[in-house]
Amino acid sequence: MKLIFQYLKKHLGIFLLSTSFLIMEAMADLLQPALMSAIVDEGIKNASVRQILFFGIVMLGIAATGAVCAVMRNRFASRVSQTIGKEMRRDMYRNVGRMSMENIDRLRPDSIITRITNDVAQVQEFINGIMRIMVKAPVTCIGAIILIMVQTPGQAPVMAAIIFVVALLILANMRIGYPRFGTVQKRIDRLNGVSREFLSSVRVVKAFGAQEEEAEKFEEVSLALAGANTAALRIMAVFSPLINLTVNFGIVLLLWIYGSGQNGEIGRLMASVNYMTQVLFAVNMISNTLNTAVRATASAERIQEVLDEKPSQKFAANPLMPQIMGDILFEGVSFAYAGAGKEALHDMDLHIHAGETIGIIGATGSGKTTFVNLVPRFYDATKGKIRIDGCDIEQIDAAHLRSSIAVVPQKALLFSGTIRENLRWGRADAADDELRMAAGIACAEEFIEKSSKGYDTLLGQGGVNLSGGQKQRLSIARALVRRPRILILDDCTSALDAQTEAKVLTGLKKMTDNMTVLLVSQRISTVMRADTILCLDNGRVQGYGSHEELMETCSAYREIFQSQIGAGEEADHG
């Protein structure tokens with residue numbers, strides 16, 4: 001709740017203005033029964049048309065004023081709640097952008113999405129409720145109770161008892177409901193995770209005919225969400241009728257006491273009943289708003305977790321900004337993912353000279369991607385040091401370092417927009433000639449030119465309207481547009497046929513003479529083109545040298561060669 005009021009403070013002026021309109025609206029509502037009482041007791045009872053007209057006109061004027069105040073209150077409430085929602089999403093999004101990969105792994109992308117969308121929506125609803133209902137309801141409730149006592153002074157003990165019972169019911173509702181609404185938000189996380197996984201792999205699901213299995217998985221998490229919602233709403237289903245029953249019992253008791261006394265005026269009784277109805281309405285509003293507050297509090301805590309998350313990586317107070325040439329040195333480097341039982345990389349000593357092309361090969365899970373992820377400092381080594389051009393990587397400004405590095409990941413990642421816009425992610429000011437040159441080297445020029453609008457062809461989200469090979473070639477072209485000093489190719493030619501891959505690698509060789517290239521691949525024919533080959537197995541260096549050297553000294557490399565090319569070729573090579 002503290003977080004919500006921190007954001008409200010930024011808009012205190014509009015909040016107070018809205019509250020003032022809301023109080024005037026509540027006062028207008030409270031005056032209506034009193035004026036009706038005057039019409040009955042002073043106008044109708046005395047057959048005074050003048051009194052009826054006078055109080056009727058006053059009622060209409062006050063009702064009109066209340067309506068204008070309600071419109072203004074709604075306008076300001078909507079404006080503040082939407083603005084605060086926008087600010088919360090913006091602040092969370094920016095903080096996620098500053099997080100380390102380790103932080104994102106721990107919070108989980110599906111949970112972050114839920115917090116930015118659903119949790120913020122819960123907070124918005126509560127803020128809107130505060131400005132529309134939460135202030136009005138207590139004012140109406142307290143004002144109505146006071147006016148009941150003015151109209152029928154003998155009812156004070158009854159009113160006190162009713163308010164005491166209602167307060168106990170509301171507190172019990174909040175206490176029991178809070179943990180249940182927290183569970184609802186966690187179930188929404190899970191539902192988003194399953195939905196996201198299905199939508200990102202829908203082709204594989206269809207290819208394997210696994211729609212029914214995925215539907216059953218979705219049904220399971222959907223039922224879990226429904227169950228959590230039911231458990232939370234069941235609390236409201238119990239307490240809301242009890243609150244209504246208590247207040248309605250008060251109305252009956254008031255009528256019974258008033259009737260047995262057989263005194264007073266009928267207008268006052270009508271006003272008191274109206275005020276009891278207003279009390280009932282106000283209590284229900286308070287109860288509903290507090291239920292919203294319970295959900296908003298649970299959501300605010302989850303939002304606060306994202307805002308409070310500090311990057312797990314430590315950045316130098318006075319970072320270095322050396323000229324990046326591409327010399328990379330690993331000194332006793334080990335790395336373990338957070339929560340993992342074992343190290344992904346172990347005690348690596350390695351020197352990659354600037355301008356070298358290093359082929360990296362190894363079995364699945366050998367640590368190839370982890371190795372290249374340490375170079376742009378997506379993660380920090382848990383032991384040892386990595387130096388770029390002699391500087392400790394942890395002392396180099398991260399933005400400066402990454403501006404000299406281009407990464408082509410295993411899974412080609414493209415964005416909604418034109419081909420030209422995607423390529424200029426590499427460098428925003430790249431000229432069209434540079435785009436064409438990079439596309440030509442990546443063997444993407446041909447299919448781009450055949451597209452209906454060439455470089456202005458629109459791509460769907462993730463490049464859904466392109467083949468896997470086309471997406472990989474565009475990703476390579478985007479990296480080349482950057483003109484990096486260090487180019488990381490993480491198994492990014494896996495969807496290309498052998499002929500196209502050979503063309504791409506030949507073109508890369510010509511363009512990357514002055515670049516340090518880290519070429520990860522499962523294909524031994526690909527890494528054989530490199531100046532030096534690094535063979536990994538279970539996070540350990542098994543061999544580092546030329547193809548010929550590794551064939552003689554590294555059994556793991558020899559096994560990969562034999563499995564992909566064959567013993568006959570080995571003999572011919574020898």
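On conventions, residues are numbered from 1 along each chain as its sequence is written, and side-chain values use heavy atoms, with hydrogens and water left out. As the model is predicted, local features need pLDDT of at least 70 and side-chain atom pairs count only at pLDDT 80 or more, while totals for chains, interfaces and linings use all residues.

I begin with the sheet. Six strands, in the order β6-β9-β10-β3-β11-β12, make up an open sheet of mixed pairing. Strands (E, at least two residues) and helices (H or I, at least four) are DSSP runs numbered from the N terminus, and two strands pair if DSSP finds at least two bridges between them. At the edges stand β6 (405-408) and β12 (540-545), each pairing on one side only. From one strand to the next, the twist averages 15°.

Strand β6 runs parallel to β9 (residues 486-490), and four bridges join the two. One of the residues involved is A406, whose bridge partner in β9 is L487.

I turn to the helices. Helix α16 (residues 468-481) lies across β6 and β9, at about 180° to β6; axes are lines fitted to C-alpha atoms, for helices over the stretch in contact, and angles run from 0 to 180 degrees between N-to-C directions. Contact means heavy atoms within 4.5 Å.

The axes of α14 (residues 432-441) and α16 come within 8 Å and cross at roughly 135°. Helix α14 contributes E434, L435, A438, A439 and I441 to the contact, and α16 contributes A477, L480 and V481.
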